[in-house]
Amino acid sequence: MTEPPEPLPTPPAPGAPPSAPDSPAGPGRRDLLFLGLLAVVLTFGLFLYQRRLDFYVAEEGFLWYGAIGAAHGEVPFRDFYSYDPGRYYWAAAWAKLLGDGILALRFSTAVFQALGLFCGLLAAWRLTHRRWLLALVGVLLLAWMEPRNRLFEPALAMAAVAAAVALLEKPSLRRHFWAGALVGLGLFFGKNHGLYLGVAFLLLILLLRWRWPALGESGLPRRLVAWILGGITGASPLLLMLAFVPGFFGAYVDSIRFFFEQGRTNFPIPIPWPWRVDFADQTVTEAARELASGVGFLLFPLFVAGVALLVVRTRRAELRSRALLIGSGAVALVYMHYAFSRADLVHLAPSIHPLLLGLAAVPALLAGRRRLAVVSAALGMGVFLAVLTWFGIVYSTPWFKELNVHPYRPYV
């Protein structure tokens with residue numbers, strides 16, 4: 001039985017810009033306040049408990065060294081080997097207020113973490129308005145925000161999901177501009193983030209043109225211009241450094257040439273697929289942890305492929321109701337490169353958040369069916385994500401090691 005044809009959109013008045021469907025009601029002020037408070041309470045509750053636990057000089061020490069250098073006037077790339085400058089200047093700005101010690105560094109990254117978690121909760125608000133469920137989603141997202149020196153990655157990824165949802169719900173020129181601004185800001189914090197977010201939002205803009213013909217062919221150039229202008233605005237700190245900081249332009253170009261010369265962005269290791277787990281020579285817990293990590297990597301391509309198929313089958317009228325699932329799929333597609341560039345937990349954890357938000361949205365596909373089916377699917381997905389989180393990341397967190405593995409000894 002064929003589906004009835006969709007009604008044609010009402011053409012705009014002569015000379016008026018193409019209209020877009022009305023967007024669903026967004027969160028009110030009380031909702032935003034709750035989501036913000038929840039993000040702050042969860043983030044800084046964890047920060048206060050584990051702020052003095054653990055220190056990995058090869059990773060967190062590398063960030064700390066660069067933050068101290070930036071706080072004292074040195075320039076990333078030009079004066080010291082570094083990642084992109086955004087994270088160092090973020091930490092350096094807080095160092096002016098709090099000092100350049102390790103606790104000040106951890107506080108500054110926790111602030112960025114809270115902002116990212118707020119964005120993740122803002123996206124999850126599209127699934128449920130029940131505050132206790134949002135709190136559980138917040139705990140899930142927070143648990144995977146590891147390690148502490150890589151909190152910028154999941155924060156930017158969750159901000160991208162929230163921006164993608166907003167863009168799909170109402171593709172106005174303003175939202176195109178802010179999506180571009182996020183791309184530019186991501187470029188300031190990492191070339192890979194700029195590339196990831198640029199590809200993700202370009203795909204979504206083209207999707208909107210394909211699925212919402214009412215936007216009109218003439219609307220696409222204007223939306224691309226608004227998006228590009230937003231990108232220039234977001235990247236303005238980096239552009240100003242390239243233009244006015246002596247020696248930075250050449251050092252930045254050299255950092256790009258470095259990746260082309262070595263032919264890769266990281267030193268790859270074998271992907272720990274679930275079927276490679278050796279159950280014979282490991283304890284049950286060790287095998288479960290390795291299995292959970294492998295499942296996390298396997299879910300990336302499966303989820304992205306599923307969303308791609310869903311996009312093909314999604315009608316125009318369903319696009320907004322599936323905005324979280326589709327937006328998460330676009331962001332998960334690009335951050336899959338980050339996870340697989342070096343397939344270990346250190347790269348899986350910071351990139352998995354779009355996948356987690358997307359999986360949480362899967363039961364919503366059953367909306368309109370029997371309540372028992374919807375509740376059962378949501379409960380099953382919740383249990384699956386809880387088990388994946390427990391064995392996939394919790395065992396590697398400083399707070400869990402302090403409580404259950406080997407209590408840290410104070411350094412005097």
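Helices here are DSSP runs of H or I with at least four residues, and they are numbered from the N terminus. The model is predicted, so to speak of local features pLDDT must be at least 70, side-chain atom pairs count only at pLDDT 80 or more, and totals for chains, interfaces and linings use all residues. Residues are numbered from 1 along each chain as its sequence is written, and side-chain values use heavy atoms, without hydrogens and water.

Start with helix α9, which spans residues 219–234. V225 sits in this helix. V225 is partly exposed, at 47% relative accessible area (buried is under 20%, exposed over 50%, partly exposed in between; 1.4 Å probe, protein chains only).

V225 belongs to a nonpolar surface patch of about 430 Å², together with I228, L229, I232 and L239. Helix α9 gives the most to this patch: four residues. Patch residues have over 30% relative accessible area and no salt bridge, and nonpolar side chains (Val, Leu, Ile, Met, Phe, Trp, Tyr) are joined within 5 Å, like charges within 9 Å.

Now turn to the backbone. Most residues other than glycine have a negative phi, and most peptide bonds are trans. Where is the cis peptide bond? It joins E146 and P147, with omega at about -10°. P147 lies in the loop between α5 (131–143) and α6 (152–169).

Two loop residues have positive phi. D54 has phi near 70°. D54 lies between α1 (29–50) and α2 (60–71), and is partly exposed at 31%. F77 has phi near 75°. F77 is in the loop between α2 and α3 (86–98), and is buried at 17%.

How values were computed
Accessible areas come from the Shrake-Rupley method with a 1.4 Å probe; for residues, only the protein chains shown count as cover. A salt bridge is a side-chain nitrogen of Lys or Arg within 4 Å of a carboxyl oxygen of Asp or Glu.
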